[in-house]
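Please look over the model shown here. A short report on its local geometry comes after it.

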Amino acid sequence: MVALLEPAYNFPMHRMRSLLLLFVCIAPSVCVGDSSADQRKAAIVAKADKLFEARYTPPKDKSLRLFDKERETGPADEIIYRHGASYVIRIVFADDGTLARVQLLPKALLHVDNWRDVPAEVQLSPSEMKWLLQSTDNLQKLGEPKQLTQPPSGCFQSGQNLYCTDFYEHASVNHFNLERMKQDRSPKALLKQVTIAYKQVVSGMVEDIKVEDDQHQIRVGRNWYGQKSDIFKDVHKESFVQFESLGCTANVKVCIANRPEVK
């Protein structure tokens, strides 16, 4: 729909400038803030298209599991690439056009939500994880490594499952492994999945607070934040907080946060 304006000579110049600015910003991608986000995203996509394989197209007989209804409000702003015969790479964008998450996972998990439906032989080599970290660093810097694990050492173990986290200056890297015994009975870790979550600095006023599952959650801007350790228990509404979040996107119901500074 096109808005019709009276001839310009009936308008004071300051009103005409305001109307022109309003008209331009009706298309969000033209506004300054959105334009910057679009430019960042476009630059990352251009690099990713060169680094990774072709975009992933699901088979006609399989539909995508678009989002996790328990944790997300809708699909993420993402692009999915093929990686070999059994894996895919998901790159997920934050509101400002930067990377929020990069994930290397079995393509079967795009269609089901249970590892039991993933073929047992599907796994990654350690060199593939190294390649992923180098490639992702080219898209958006990980920063200096702070703490690295060598499975099974330093990992949380539940049965044969090994949940490991490596910390970098600007991101955390979670990798899921399965422990198997070699012929000499020494443990061997089989790499199954890698998720890179980028840190984001959040600063602002606490606009709302709620308690769910005995956890205090706060809303800053459009997003809700929380942590299992209940770091927001002593935070009050209208407090100014500054903290780091990991891998947060607009479609996540409650983003993960680290302990805040309250002022």
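## Basis

This is a predicted model, in which local features need pLDDT of at least 70 and side-chain atom pairs count only at pLDDT 80 or more, while totals for chains, interfaces and linings use all residues. Residues are numbered from 1 along each chain as its sequence is written, and side-chain values use heavy atoms, with hydrogens and water left out.

Helices (H or I, at least four residues) and strands (E, at least two) are DSSP runs, numbered from the N terminus. Two strands pair if DSSP finds at least two bridges between them.

Strands β9 (residues 208-212) and β10 (residues 215-220) run antiparallel, joined by five bridges. K210 faces Q217 in β10 across this pairing. Two residues separate the strands of this hairpin, and D213 has a positive phi near 55 degrees.

β10 also pairs with β11 (residues 223-226): three bridges, antiparallel. Here I218 has Y225 of β11 as its bridge partner. This hairpin too has two residues between its strands; G221 in the turn takes a positive phi of about 70 degrees.

## V201

V201 belongs to strand β8 (residues 187-205). Is V201 buried or exposed? Its relative accessible area is 60%, so V201 counts as exposed (over 50%; buried is under 20%, partly exposed in between, with a 1.4 Å probe and protein chains only).

Contact means heavy atoms within 4.5 Å. Beyond its neighbours within four places in sequence, V201 touches Q242 and F243 by that criterion.

## Helix α3

Helix α3 (residues 126-139) has 14 residues. From first C-alpha to last, α3 spans 20 Å, close to the 20 Å expected at 1.5 Å a residue. That expected span is 1.5 Å times one less than the number of residues. The buried residues of α3 are M129, L132, L133, S135, T136 and L139.

## Aromatic rings

How many aromatic pairs does the structure hold? There are seven. Rings of Phe, Tyr and Trp (its six-membered ring) pair if their centres lie within 6.5 Å. One aromatic cluster consists of W115, F156, Y163 and F176.

Charges also sit over rings. The criterion is NZ of Lys or CZ of Arg within 6 Å of the ring centre and within 35 degrees of the ring normal. K41 is over the face of F93, 5.1 Å from the ring centre. K210, the residue opposite Q217, lies over the face of W224 at 4.3 Å from the ring centre.

Terms used:
Phe/Tyr/Trp six-rings, centres within 6.5 Å; stacked < 30°, edge-to-face > 60°.
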